[in-house]
Amino acid sequence: MVLLISGSTRAGSTNTAALRTVQAVAPDGIEARWYGGPAELPAFVPEAPEPAPPAVLRLRQQLAAADAVLFCTPEYAGTLPGSLKNLLDWTVGTGDLYGKPAAWLTVAAPGRGDGATATLASVLGYVGADVDEGSCARLPLSRTDIGGDGLVVSPEFRAGAAEVLRRLGTRRRRSDTDRLGGDIR
């Protein structure tokens with residue numbers, strides 16, 4: 001299962017529409033599940049008491065169930081939106097993303113959104129996610145590409161999105177042996 005995480009909490013977001021479309025065009029044999037809780041997560045506090053807040057526990061459960069994670073995020077002030085950075089902060093030190101295949105879909109026009117993807121790559125590297133650059137793609141969208149049902153209508157986008165999901169969905173989590181570069185006996 002590939003968990004889909006939008007970096008936008010805005011209604012009508014092209015990033016959310018893109019991931020909803022990814023879910024709708026999922027190839028046979030690949031389940032794509034929507035994560036809808038970034039706005040529910042409390043602000044990350046490194047010394048937060050356990051047990052974690054319910055929204056954080058739900059995030060951790062969904063990440064644990066996922067074989068891979070696909071992000072799609074806007075760029076705010078040259079970097080990630082605060083809600084997505086907060087979500088990622090909750091995974092620091094937990095191993096929730098460690099070794100898990102991850103990729104992103106960028107829907108911004110060329111020359112835009114690069115600050116967000118650079119920051120996302122940096123944070124995913126920090127938490128030990130297995131970034132699959134072959135599954136990362138730029139498929140630019142505009143609001144006019146979104147139909148009345150909230151999904152992307154462009155056949156080119158839909159084909160590209162299905163291919164991104166197919167690539168990422170066939171990846172498997174790195175084993176402990178792979179992560180450590182050899183036999184771990």
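Let me start with what I mean by a pocket: on a 1 Å grid over the protein atoms alone, a cavity is a set of points where a 1.4 Å probe fits but cannot get out, whereas a pocket is an open set with protein on both sides within 12 Å along at least five of seven lines, and lining residues have an atom within 4 Å of a point. This is a predicted model, so local features need pLDDT of at least 70 and side-chain atom pairs count only at pLDDT 80 or more, while totals for chains, interfaces and linings use all residues. Residues are numbered from 1 along each chain as its sequence is written, and side-chain values use heavy atoms, with hydrogens and water left out.

The largest pocket is lined by 16 residues, and those nearest its centre are Thr14, Asn15, Pro74, Ala108 and Arg112. Its lining divides into six nonpolar, six polar and four charged residues, where Ala, Val, Leu, Ile, Met, Phe, Trp, Tyr, Cys and Pro count as nonpolar, Asp, Glu, Lys and Arg as charged, and the others, Gly among them, as polar.

Two of those central residues, Thr14 and Asn15, take us into helix α1, residues 14–24. Helices here are DSSP runs of H or I with at least four residues, strands are runs of E with at least two, and both are numbered from the N terminus. Eight of the eleven residues of α1 are buried, so this helix is largely enclosed by the rest of the structure; buried means under 20% relative accessible area, exposed over 50%, and partly exposed in between, with a 1.4 Å probe and protein chains only. The buried residues of α1 pack against β1, β2, β3, β4 and α5.

What about α3? Six of its eight residues are buried, so α3 too is largely enclosed by the rest of the structure. Those buried residues are Ser83, Leu84, Asn86, Leu87, Leu88 and Asp89, and they pack against β1 (2–6), β2, α2, β3 (68–72) and α4 (114–126).

Now to the loops, where Leu141 sits between β6 (137–138) and α5 (155–169). Leu141 is buried, at a relative accessible area of 13%, and, leaving aside neighbours within four places in sequence, it is in contact with Thr14, Ala18, Val107, Val152 and Phe157, contact meaning heavy atoms within 4.5 Å.

Ala77, by contrast, is exposed at 86% relative accessibility and lies in the loop between β3 and α3. Most residues other than glycine have a negative phi, yet phi of Ala77 is positive, near 50°.

Which kind of aromatic pair do Phe44 and Trp90 form? Rings of Phe, Tyr and Trp (its six-membered ring) pair if their centres lie within 6.5 Å, and planes under 30 degrees apart count as stacked, over 60 as edge-to-face and the rest as tilted. The structure holds one such pair: the ring centres of Phe44 and Trp90 are 5.1 Å apart and their planes stand at 85°, so the pair is edge-to-face. It links distant parts of the chain, with Phe44 in the loop between β2 (32–35) and α2 (54–65), and Trp90, 46 residues away, in the loop between α3 (82–89) and β4 (101–106). Phe44 is partly exposed at 28%, while Trp90 is buried at 5%.
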